[in-house]
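Welcome! Keep the structure in view and try each exercise yourself before you read its solution.

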Amino acid sequence: MSGSQSTVFGRPREFDVDEALERAMQVFWARGYDGTSLTDLTGAMGITKSSMYAAFGNKEQLFRKAVQRYAEGPASYATRALREPTARAVAETFLRGAVRTTTSPGRPTGCLSVQGALALSEQSRPAHDVLVGWRVDAGDQLEARFRRAVEEGDLPGDADPGRLARFVMTTGFGIAVQAANGFGPDVLDEIVDTALLAWPA
């Protein structure tokens with residue numbers, strides 16, 4: 001939605017809210033929550049601090065919106081993976097999606113949910129909790145999907161859905177860390193290939 005159609009104190013905004021949020025997301029993704037200053041944000045968004053507060057609230061509120069945008073955009077592979085017909089396809093789609101998202105040209109490397117939590121101070125605990133909640137929810141959804149796979153006979157009866165979900169999540173976040181370290185998609189896809197060798201038959 002364009003911010004040009006919104007109003008603040010009866011006057012039209014002079015910037016695109018959607019584009020400004022996209023730029024804020026990119027800054028948080030690249031620098032983390034504590035590593036991002038209000039000057040970094042307003043500079044990237046091309047707006048004043050007063051405009052930022054009026055449109056998005058304070059830094060924490062803006063971060064929450066940026067995380068939601070990330071989840072619904074670059075990280076939407078996690079939701080798409082849950083719709084795959086088999087548990088193995090769920091795992092592969094999730095992990096390949098992590099590779100693509102963390103190494104896409106023109107975007108920061110790594111994952112916002114990992115980068116965003118680096119070196120968080122005690123004052124930034126709410127931001128930390130947002131990211132932990134998001135990661136826990138993603139793991140819970142994977143576990144529920146794998147439990148269904150056991151019930152449907154797609155996974156062996158003795159497969160542990162929680163353990164598999166933790167395996168996929170941990171591998172996915174490891175991919176994000178290695179992407180931030182400079183690993184390219186070819187190397188990371190090899191890591192996915194190796195991880196899938198451990199998948200229960």
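**Exercise 1.** Sort the residues that line the second largest pocket by class.

*Solution.* Start with the counts: 8 lining residues are nonpolar, 2 are polar and 1 is charged. Here Ala, Val, Leu, Ile, Met, Phe, Trp, Tyr, Cys and Pro count as nonpolar, Asp, Glu, Lys and Arg as charged, and the others, Gly among them, as polar. Next, find some of them: the lining includes Phe94, Trp134, Asp137 and Gln141. A pocket is an open set of points on a 1 Å grid where a 1.4 Å probe fits, with protein on both sides within 12 Å along at least five of seven lines, and lining residues have an atom within 4 Å of a point. Now turn to the elements: α5 (77-81) and α8 (125-151) each give two or more residues to this lining, and the largest share, 5 residues, comes from α8. Helices are DSSP runs (H or I, at least four residues), numbered from the N terminus.

A word on the model: it is predicted, so local features need pLDDT of at least 70 and side-chain atom pairs 80 or more, while totals for chains, interfaces and linings use all residues. Residues are numbered from 1 along each chain as its sequence is written, and side-chain values use heavy atoms, without hydrogens and water.

**Exercise 2.** Which residues of helix α3 (residues 49-56) are buried?

*Solution.* Buried means under 20% relative accessible area (1.4 Å probe, protein chains only). In α3, the buried residues are Met52, Ala55 and Phe56. Because they cover an arc of only 75° around the axis, they sit on the same side of α3. The arc is that of the directions from the helix axis to the C-beta atoms. Finally, look at the neighbours: these buried residues pack against α1 (17-31), α2 (38-45) and α4 (59-72), where contact means heavy atoms within 4.5 Å.

Definitions and conventions. Buried < 20%, exposed > 50% of the residue type's maximum accessible area, 1.4 Å probe, protein only.
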